[in-house]
Amino acid sequence: MDVTMSYTTQEIWTWWIAVYLYLGGLGAATLVVTFLTDMYLKNHRALVLWGAFSGIAMLSVGSLMLFIHLLDPRAVLHVINPLVLFRQPHSWIAWGTQFIIWMMWWGLFYALPYLVQSERARKLPLLGAVLRLKVMNRLSNRCCLRFHKTIGWLATINGIGVAVYTGLLLQSFPAVALWHNPGVPLLFTVSAFSTALAYLLLLLNLVIKHEDDYYLKVFYERTDTMLIAAELVILFSFFHYMAAGNESAFRSAQLLWQDMGWLIGFIGLGLIVPFLLELKGVIKGWTGRLPIVTASVLVLAGGYLLRHYFMYAGVYAHPW
Amino acid sequence: MTRFAMVIDLNTCVGCNACMAACAMENQTPVWKNKWRTYVHDKEIGSGEDVHRRFFPRLCNHCDNPPCLSVCPTGATYKLDNGIVKVDEALCMGCRACAMACPYDARLEVTHDDVETGRDFYGEAYRRSRPSMDKCTFCDHRLEQGLQPACVETCVGSARQFGDLDDPNDPVAQMVARGVARPLMPHLGTRPNVYYIDDLKRRG
């Protein structure tokens, strides 16, 4: 019967799931890097506020993508309930939903003391009124500041959980060789942290612009260069796995490696060009911000392309 | 213990699609959108003058290790002791992860629009009240009454046979035990309970 196999891609989870996976990984890794930086490298109120709230916004938009495509959004209550982990401990969406929810809460609590102290935030019409409430001061001082590192680590653990989950979700579909392998969570996690560093470099170069952040930017650039290099190595091994793997993998390889969007858009402009730009910055340095800003934008675009092409290139083998 | 299974003989399926019609009427599926719990593929195999048509019925394989169940985030997909995999439509939020996980393309979505149309199409007898992912249940409501699944009962060529794998005297169990009937893509580890008798060997 196997001689009559047919091969097809799917139209069930398309670009909107790619957006969900992208913003989920990017938002989570942004929070993780921001909080670890604040806890262990340099106290940085502006970075925490920008990183935490843009990360939470990304996660919200990403989750909204999934939510609006549900057949029955009322039933989402079943997966928001943390007890779902006892009923469905083998479902990565159940774990991912809990990671996302708790990371947003812990992220909010970690950033709250900085927000309460921010004069600009206290002057905002609605938010300011909330921040000036006594209860917010008490919450900030008695809970958030007192257990600041614990909260930071809780957010970090949940954030890493989200980043890994975006890959584990695809890995749990056994019919598609491109997805059902241990390389996917690794690739998606590395990509999530690489895009997060690129996003934070954009913030530091274009929004926050503190003079004394020079060494932080250099550290982020170096780390991102290594992550892009790791991503290239993982993709290289993926290529060999797929080229010599089963038919589903081979056909996915054909789809990907014959597509200019994947080759030039993702591999070329999304990985190799930013790698070279950041490598030059690491070795010799740049006089202006433009090359690193360009590299960051390219890494961010590449991060989306990776997930987009992964969703569309998954090949199912059907014996009919 | 009962463990239900189906054997499909590709040699005797004539492609009349009566199984699709019987299933659709029995289980009120959204046929107006060409969505079926069971579907018969029509394929030409061979080249030149040596070509023949193959009709290939497919449905949920009620796997012993169902990936649709393990990915389901709400627990809407569940498995009965007799091996039948079902969906609780009240728990299903319709994320479609089950459809992504299923190697046998056995999941279909029933949308709000389908529920509305279903009320007009099937009339007062329409049982569904909310959207969800849907799938074959081996007509377990008929099994409870001692009947065969609708597709099995209606099959004119007796291409579909239904039985209990745990009953050594059951013809279905015997065909499976002898290896005459084989599962689809067993290498995926899903341990399906729908088995097929190959037609190409007999055609030479």
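Helices (H or I, at least four residues) and strands (E, at least two) are DSSP runs, numbered from the N terminus. This is a predicted model, in which local features need pLDDT of at least 70 and side-chain atom pairs count only at pLDDT 80 or more, while totals for chains, interfaces and linings use all residues. Residues are numbered from 1 along each chain as its sequence is written, and chains are lettered from A in the order in which they are written.

**Contact between the chains**
- Counting two residues as in contact if their C-beta atoms, placed from the backbone, lie within 7 Å, 30 residues of chain A touch 37 residues of chain B.
- On the chain A side, two or more residues come from each of α3 (77-80), α4 (84-87), α5 (92-117) and β2 (315-318), and α5(A) gives the largest share, three residues.

**Helix α1 of chain B**
- In α1 (residues 18-27) of chain B, the buried residues are B:C19, B:M20, B:C23, B:A24 and B:N27, where buried means that 20 or more other C-beta atoms lie within 10 Å of a residue's own, exposed 12 or fewer, and partly exposed in between.
- The cover over these buried residues includes β2 (39-47), β3 (50-58), α6 (150-154) and β8 (160-164) of chain B.

**Positive phi angles in chain B**
- B:R96, in the loop between β5 (85-87) and α3 (97-101) of chain B, has a positive phi of about 75° although it is not a glycine.
- B:M185, in the loop between β9 (181-183) and β10 (194-197) of chain B, has a positive phi of about 45° and is not a glycine.
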